2 protein chains.
Amino acid sequence: MKRILIAASAGFCFGVKRAISIANETAGKAAASGASAPDAIPIRSLGPLIHNPQAVEELEKKGVHVVESVDDIPCGKVIVRSHGITRRDAEELAGKNVQIIDATCPFVKKAQEYARSLSREGYAVTVVGDANHPEVKSIISYIETGVPVITSLSDLKEASGIRKVGIVAQTTQSFENLREFVSVALKRIPEVRVYNTICNATVLRQKESMAVARVADVMIVLGGYNSANTRRLAEICRELNPKVLHIETASELSPDTLLGVSCLGVTAGASTPEWIIEELVASIRAIWREENIQVSYFQ
Amino acid sequence: MKRILIAASAGFCFGVKRAISIANETAGKAAASGASAPDAIPIRSLGPLIHNPQAVEELEKKGVHVVESVDDIPCGKVIVRSHGITRRDAEELAGKNVQIIDATCPFVKKAQEYARSLSREGYAVTVVGDANHPEVKSIISYIETGVPVITSLSDLKEASGIRKVGIVAQTTQSFENLREFVSVALKRIPEVRVYNTICNATVLRQKESMAVARVADVMIVLGGYNSANTRRLAEICRELNPKVLHIETASELSPDTLLGVSCLGVTAGASTPEWIIEELVASIRAIWREENIQVSYFQ
């Protein structure tokens with residue numbers, strides 16, 4: 001008997017589900033009012049709504065067009081993506097004749113607010129995360145000027161003359177990474193104030209994925225190549241299992257990968273739609289061509 | 001050639017030096033004004049001024065008498081010991097016709113103040129330290145009622161429903177211990193605010209002692225058996241060297257201990273007077289009876 005073991009919390013998190021639902025609702029309303037007509041109000045998302053090209057493509061079909069800059073939004077409706085946008089972009093949008101529909105994840109919003117209030121209280125602010133990620137950029141943009149901003153462990157190690165530091169994390173960071181930043185800060189800075197803004201869904205998904213990676217012969221991590229949390233899942237699994245494959249969809253799966261495998265592990269990032277996981281399971285069934293395949297969820 | 005290697009920061013820390021100097025000054029003033037007369041103003045310390053019986057005995061000879069309770073102080077001068085006293089004792093003293101001379105270590109005072117301000121801002125307060133130590137008791141006494149108070153790792157692990165916690169440490173705690181409390185708190189509590197109140201002298205003494213313990217054949221830790229920081233030094237050294245001896249004075253040293261030893265390590269707690277270290281070195285010289293003994297300080 002062959003086995004497919006899926007991390008139960010693989011796929012869409014609360015913030016992504018909410019953003020998709022907001023986008024679908026906006027597109028649905030437009031369709032109901034005859035949005036396919038040439039004079040329909042355009043719907044745009046500033047940057048991809050979530051970090052999954054396949055899901056973004058589906059939304060595109062429904063009329064939600066991705067643009068990269070505020071300058072590309074002269075009018076109509078704009079959906080603010082789940083990772084949030086910078087304060088400057090938000091202010092520019094507010095100054096335009098556009099309708100803003102905010103799909104920023106509420107947990108990201110919290111991290112933005114903590115970063116802002118810490119800086120207002122004179123704390124140096126450390127954001128634990130990928131400095132190039134839109135979420136981290138949006139969090140950083142809320143830090144008031146006048147306090148040091150630190151985004152790397154090496155900068156934190158070299159920080160000097162700082163009496164108090166506030167730490168927040170990208171919502172999809174690993175707890176170990178946050179803990180390392182906190183430990184380094186504790187050694188050098190007398191007051192360390194931490195808001196653990198890591199999302200519980202992320203922690204749970206990472207835990208379950210690690211448990212699956214430990215027992216699987218091969219581990220498949222599904223999710224956008226541009227999805228930091230998916231890449232981190234793959235990283236974490238690789239520490240426990242040498243055979244980890246990060247792919248976006250089942251079409252990238254080569255049958256060779258499954259040779260000699262009796263237990264296949266599956267997990268997926270926070271922005272991976274359910275149908276991508278289902279498609280993978282169907283592909284595996286087709287490759288294995290066995291009657292007796294057990295699909296179970298680990299939680 | 002035999003070698004005695006002494007941790008350079010062994011012995012009296014700033015707070016202890018300051019307390020001893022305040023006590024000596026107070027006793028000196030009394031002597032200058034004829035304090036040996038029966039009607040002289042009595043000088044008392046509430047609890048031992050520092051945790052070293054030999055140093056306290058020296059002060060006793062100078063007229064500084066240790067009492068255990070505020071009730072034992074009807075009049076005269078009272079010296080508040082380096083570890084601080086509880087807020088209740090301080091208030092009771094203030095209500096009496098006594099002159100209060102405060103020799104509380106300024107770093108302990110800071111920890112008291114942080115504990116108080118954290119509780120006023122609604123934080124649960126965690127004090128990392130020995131709950132029975134007078135310093136920790138004094139810190140805890142400044143926590144305003146109405147917030148949870150946590151002093152053990154097991155209580156922190158079981159804490160529930162706490163949204164924000166403030167952490168301070170007994171000034172002589174090890175950094176690793178503080179870090180462990182912070183890590184546990186981070187896992188369970190969304191906001192963790194840490195004031196690292198561990199004294200630099202403690203950190204330095206521990207580091208130097210560890211380095212000496214690593215190379216010494218036998219390691220001697222000098223200090224009061226009632227001194228928590230000395231006991232902790234012995235603990236830390238034992239993790240690196242199986243032959244660690246915690247003694248109060250050279251008189252406890254058996255010549256057998258030095259058999260086959262070519263490098264003897266020495267360190268001493270924050271409340272160990274310099275003359276106790278010097279006496280030990282003299283005793284070792286007497287036992288070894290060698291011309292060629294190198295005494296060096298590690299820093």
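Q: Is Arg179(B) buried, exposed or partly exposed?
A: Partly exposed, in this predicted model. The relative accessible area of Arg179(B) is 23%.

Q: Which side chain does Arg179(B) meet in a salt bridge?
A: Glu176(B). The N to O distance is 2.6 Å.

Q: OK, chain A now. What does Arg179(A) pair with?
A: Arg179(A) forms a salt bridge with Glu176(A), at 2.6 Å from N to O. They lie three residues apart in helix 7 of chain A, which means a spacing of about one helical turn.

Q: How accessible are Arg179(A) and Glu176(A)?
A: Arg179(A) has 24% relative accessibility. Glu176(A) has 44%. Arg179(A) counts as partly exposed, and Glu176(A) does too.

Q: How many salt bridges over all chains?
A: The count comes to 16.

Q: Which residue does Arg120(B) bridge to?
A: Arg120(B) forms a salt bridge with Glu144(B). Their closest N and O atoms are 3.0 Å apart. This pair links distant parts of the chain, 24 residues apart. Arg120(B) belongs to helix 4 of chain B, residues 106–120. Glu144(B) is in the loop between helix 5 (134–141) and strand 7 (149–150) of chain B.

Q: Arg120(B), buried or exposed?
A: Exposed, at 59% relative accessible area.

Q: Switching to helix packing. At what angle do helix 4 and helix 5 of chain B cross?
A: Roughly 35°. Their axes come within 8 Å.

Q: What hand is that crossing, left or right?
A: Helix 4 and helix 5 of chain B make a right-handed crossing.

Q: Which residues meet there?
A: Helix 4 of chain B brings Val108(B), Ala111(B), Gln112(B) and Ala115(B). Helix 5 of chain B brings Glu135(B), Ser138(B) and Ile139(B). By class, this contact of helix 4 with helix 5 of chain B has four nonpolar, two polar and one charged residues.

Q: What about helix 8 and helix 9 of chain A, how do they pack?
A: At an angle of about 40°, with axes 9 Å apart. Helix 8 of chain A covers residues 200–215, and helix 9 of chain A covers 228–238. Helix 8 of chain A passes helix 9 of chain A in a right-handed crossing.

Q: Who makes that contact?
A: From helix 8 of chain A, Arg205(A), Gln206(A), Ser209(A), Met210(A) and Ala213(A). From helix 9 of chain A, Asn229(A), Arg232(A), Leu233(A), Ile236(A) and Cys237(A). The residues of this helix 8 and helix 9 contact in chain A divide into five nonpolar, three polar and two charged.

Q: Last topic, the largest nonpolar core. How many residues, and which touch the most other members?
A: The largest nonpolar core has 42 residues. Ile167(A), Leu178(A), Val192(A), Ile167(B), Leu178(B) and Val192(B) touch the most other members.

Q: What is Ile167(A) in contact with, leaving aside neighbours within four places in sequence?
A: The contacts of Ile167(A) include Leu118(A), Val128(A), Leu178(A), Phe181(A) and Val192(A). Thr126(A) and Arg193(A) are also among them.

Notes:
Residues are numbered from 1 along each chain as its sequence is written. Chains are lettered from A and ligands numbered from 1 in the order in which they are written. This is a predicted model: local features need pLDDT of at least 70, side-chain atom pairs count only at pLDDT 80 or more; totals for chains, interfaces and linings use all residues. Side-chain values use heavy atoms; hydrogens and water are left out. A salt bridge is a side-chain nitrogen of Lys or Arg within 4 Å of a carboxyl oxygen of Asp or Glu. Helices (H or I, at least four residues) and strands (E, at least two) are DSSP runs, numbered from the N terminus. Buried means under 20% relative accessible area, exposed over 50%, partly exposed in between (1.4 Å probe, protein chains only). Axes are lines fitted to C-alpha atoms, for helices over the stretch in contact, and angles run from 0 to 180 degrees between N-to-C directions. A crossing is left-handed if the near helix is turned anticlockwise from the far one by less than a right angle, and right-handed if clockwise. Contact means heavy atoms within 4.5 Å. Ala, Val, Leu, Ile, Met, Phe, Trp, Tyr, Cys and Pro count as nonpolar, Asp, Glu, Lys and Arg as charged, and the others, Gly among them, as polar. A nonpolar core is a set of buried Ala, Val, Leu, Ile, Met, Phe, Trp, Tyr and Cys residues joined through side-chain atoms within 4.5 Å.
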